[in-house]
Amino acid sequence: MKDKLHKWLFTLPVTIYSILLILLPLVYIFIISFFKSDSYGGMITTFTLSNYIQLFDMVYMRIFMQSIIIALVVTFICILIAYPFVLAITHKNARIQKILITLVMVPFLTNSLIRMYGFVVLLRKSGVVNTFLLGLGLTNNPLKLMYNNLGIIIGMVYTLLPFMILPLYSSVSSINKSLLEAACDLGANKRKTFFRVILPFTKPALFNGSLMVFTPALGYFFIVDVLGGGKIMILGNLIKNQFLTARNWPFGASISVFLLLITFIIIGIYRKTGGKLEDLG
Amino acid sequence: MKNNKVLDNIWLTLVFIFLFLPIAILIIFSFNKSRLNIMFTGFTLDWYKELFNNSVLLEALINTLIVAVISTVISTVIGTISAYGLKKYDFKGKKLINELLYIPIVIPEIVLGISLLCIYSFMKLELGMFSLILSHIAFSIPFVIINVNSAIESMSANLEEAAADLGASKFKTFFHVVLPSLMPGIVSGAGLAFTLSLDDVVISYFTAGPDSNTLPLQIFSMIKSGVTPDVNALITVLLLMIFTGIFIYMSISLRRIKREGV
């Protein structure tokens, strides 16, 4: 009797939670993505595919392409910054490594919107960077550093960089030192060691990091709002607008389902290639 | 293997400048006489004084902290017993639950945010403090479970058996044996939940109501209409608190590294 109570107490909360706050909401948006919207922001409960057909409209297709390109560029830049950075850290001793990795985390303990506001102060037309460059005479006209794709990419790279650095760091630091020495002893130069030893070894971490950078980059509407200046849209802005401005929930839901589909396909590939879900936390 | 130390250090310096510049600039301008965040014209503490008179900003800060504390406590309790329960017991649908728990971690936040918004509207739940806290609990629990799980993995099964052999009840074993040995995982899970709650913009944006304005949401609307420098002052105060926390954490863990002689 008491054992049964013990079992219930330890398994019932998680069951209720995962059904009520994860499964049900997702099933619900899947269902309403087949509803029709009326002109007052309400929904008509009929079955229609028109929300999905609407996705193929050129206007929306352009936004999808734009989001995917931005997310790919952001992921690529994060890899380019993180790889040499992580290698440089692992060349230090254990104590300094611990300090540097904690330092990477520090800015991310402040709110991401606060950091985006910091970028506004730095990058706007009369911002710190432009004032500095004009003062030094390096440029005659202020550079356009935000309210364009450049601003969005800077903001996203900044926000998502630790998600690339952390898995890469734990992977690179677990490479057995003698493996690298062996490569060196066998006459491999640094470049060869990197491409033949380090890169293959860290491939799972690289994929893990890319996943954790790419998917959020499709949805972070507030970075685009703050640094993109309102003209550029990604999937996240489109969803937000359908729910809060246009109040066309069924269409917003169909875009969300589309975004979920992209995510699940990427995760499917990740798991097929031997990646584990546990490593994604 | 020889490494190019100079190149290493240049790259490390550049990346750290990139990481800290947007924050450093806000701290510097919190002491700036000029209202415009462009040039440093002189030192002042006026913005700190003004901060204490800005009730909108302070209320948003208090809301943020209330949401973070309550959602952290609840998600840590539920996450801890869930991680233990999922490890110890087999039951129908456990496999599905284990998969579902990864969804909030891997899907874009915006999808979780709008799906919660939809389900609240379906259940006729009015948006406000309650819906906001519930949403924060929803995205925090999986992170707590993952952290506690890794502590469970490293816990010896003999410990529980020994307690049972000595006649301890299951509940007694959990509170006196299991819980203490899971503490490091629970603490890091709670820390993560707290940070995630403080940092959240996207999910709060969809699930907060008019009475539950949080600091990120307040700053978001201010960026559109114009940010006053007392925001810089507030950010500086917050950073000071965070740095103190990190400093304590670092000095404890560095001492441990030294002691263990890694």
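B:Lys124 sits in the loop that joins H6 to helix H7 (129-153) of chain B. In this predicted model, the phi angle of B:Lys124 is near 60°, a positive value in a residue other than glycine. Is B:Lys124 buried or exposed? The residue counts as exposed, because B:Lys124 has 6 C-beta neighbours inside 10 Å, and a residue is called exposed if the number is 12 or fewer.

A second residue with a positive phi may be found in chain A. Phi of A:Arg247 is near 50°, again a positive value in a residue other than glycine. A:Arg247 belongs to the loop between H11 and helix H12 (249-272) of chain A. Here the count is 17 C-beta neighbours inside 10 Å, and A:Arg247 is therefore classed as partly exposed.

How confident is the prediction for chain B? The mean pLDDT of chain B is 87, and 97% of its residues reach 70 or more. Within chain B, confidence is highest in helix H6 (residues 109-122), at a mean of 95, and lowest in helix H12 (residues 230-260), at 78. For the model, the scores are ipTM 0.87 and pTM 0.88.

The overall plan of chain A comes next. Chain A contains 12 helices and 2 strands. Along the sequence, these elements follow the pattern α-β-β-α-α-α-α-α-α-α-α-α-α-α. Taken along the principal axes, the C-alpha atoms of chain A fill a box of roughly 75 × 70 × 35 Å. Of the 281 residues in chain A, 40% are buried. Among the contacts in chain A with a separation of 6 or more, 68% join residues 24 or more positions apart.

A:Val74 lies in helix H3 (residues 58-90) of chain A. A:Val74 and A:Ser210 are 136 residues apart along the chain, and their C-alpha atoms are separated by 9.5 Å.

Two of these partners deserve attention. The largest nonpolar core has 129 residues, and A:Leu160 and A:Ala217 touch the most other members. In soluble globular proteins, nonpolar side chains tend to be buried together. Leaving aside neighbours within four places in sequence, A:Leu160 is in contact with A:Val74, A:Cys78, A:Val213, A:Pro216 and A:Ala217.

H10(A) is mostly covered, with 8 of its 8 residues buried. These buried residues are A:Phe221, A:Phe222, A:Ile223, A:Val224, A:Asp225, A:Val226, A:Leu227 and A:Gly228. After H10(A) comes A:Gly229, whose phi is positive, near 80°.

H10(A) also packs against another helix. The axes of helix H10 (residues 221-228) of chain A and helix H11 (residues 235-245) of chain A come within 7 Å and cross at roughly 100°.

The last step is the contact of the two chains. The contact takes 74 residues from chain B and 71 residues from chain A. On the side of chain B that touches chain A, the largest share, 13 residues, comes from helix H1 (residues 5-29) of chain B. That side of chain B has 62 nonpolar, 7 polar and 5 charged residues.

A:Ile29 shows how one residue can meet both chains. A:Ile29 is found in helix H1 (residues 2-32) of chain A. With 23 C-beta neighbours inside 10 Å, A:Ile29 counts as buried. Leaving aside neighbours within four places in sequence, A:Ile29 is in contact with A:Ala253, A:Ser256 and A:Val257, and also with B:Ile114, B:Ser115 and B:Cys118. A:Ile29 and A:Leu87 are 58 residues apart along the chain, and their C-alpha atoms are separated by 43 Å.

Notes
Residues numbered from 1 in each chain as written. Chains lettered and ligands numbered in written order. pLDDT = per-residue confidence, 0-100. Helix = DSSP H or I, 4+ residues; strand = E, 2+ residues; numbered from the N terminus. Contact = placed C-beta atoms within 7 Å. Nonpolar A, V, L, I, M, F, W, Y, C, P; charged D, E, K, R; others polar. Axes fitted to C-alpha atoms, helices over the stretch in contact; angles between N-to-C directions. Buried ≥ 20, exposed ≤ 12 C-beta atoms within 10 Å, placed from the backbone. Core = buried A, V, L, I, M, F, W, Y, C linked by C-beta atoms within 7 Å.
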